[in-house]
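Colleague: I have a few things to ask about this model. Can you put it up first?

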Amino acid sequence: MCDPIQSIATRLRGLREALELTQEEVAASCNLPVGQYREMESGTADFSVNVLQTISRHYGISLDVLMFGEEPKMNAYFITRAGKGVSVERQKAYKYEALAAGFRDRKIDPFIVTVEPAADDAPMHLNCHLGQEMNYVLEGRLLIGLNGKEIVLNTGDSLYFDSGLPHGMKALDGKTVRFLAIIM
């Protein structure tokens, strides 16, 4: 089975080379540290869907092209059957299932995100990106760090926020959490 992180890294490198840009130019244009971008392109570091969305929007390509290597084809509607969304596992702790991967020119990117439990003392990875985000917890309890504040969401709770603020998540109670994430 193909490693999804390496596949995404290959597509990042291919995009950069097709546009005849240096790693430094891509990093600067997307407001990323050069070292972080180099690690992403080599596949040696984890990266968020939000960072991929920033890169894809900056260069005018679909997020699906970077994440899954496929161009969306539908423009009237797109159905994703339960459990059949295109998935990428960024790391062992997070799995993203795209719910609209086949729809062209989307205004939002909806995902079902699965967060596996980690040790209580494990650090929370924070990221930020342009736009807004909404998270709706489907099952479990989720700790969200948002701009220095900790917010606990239970099943059925939601949080809408400015995704330019530093944010991260962690499963609570030693149990897996599933939530709907809508990134705008």
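Colleague: Which residues is Phe 179 in contact with, leaving aside its neighbours within four places in sequence?
Modeller: They are Phe 111, Ile 112, Val 113, Val 115, Asn 135, Tyr 136, Val 137, Leu 138, Leu 142 and Met 169. Contact here means heavy atoms within 4.5 Å. This is a predicted model, where local features need pLDDT of at least 70 and side-chain atom pairs count only at pLDDT 80 or more, while totals for chains, interfaces and linings use all residues. Residues are numbered from 1 along each chain as its sequence is written, and side-chain values use heavy atoms, with hydrogens and water left out.

Colleague: Which residues touch the most other members of the largest nonpolar core?
Modeller: Leu 12, Leu 52, Ile 55, Phe 111, Val 115 and Phe 179 do, in a core of 40 residues. A nonpolar core is a set of buried Ala, Val, Leu, Ile, Met, Phe, Trp, Tyr and Cys residues joined through side-chain atoms within 4.5 Å. Buried means under 20% relative accessible area, exposed over 50%, and partly exposed in between, with a 1.4 Å probe and protein chains only.

Colleague: How many residues of helix 4 are buried?
Modeller: Seven of the 10, in a helix that spans residues 49-58. Leu 52 and Ile 55 are among them, along with Val 49, Asn 50, Val 51, Gln 53 and Ser 56. Helices (H or I, at least four residues) and strands (E, at least two) are DSSP runs, numbered from the N terminus. After helix 4 comes Gly 60, with a positive phi near 70°.

Colleague: Last one: do strands 5 and 6 run parallel or antiparallel?
Modeller: Antiparallel, with five bridges joining residues 142-146 to residues 149-153. Gly 145 has Glu 150 as its bridge partner in strand 6.

Conventions. Pairing = 2+ DSSP bridges.
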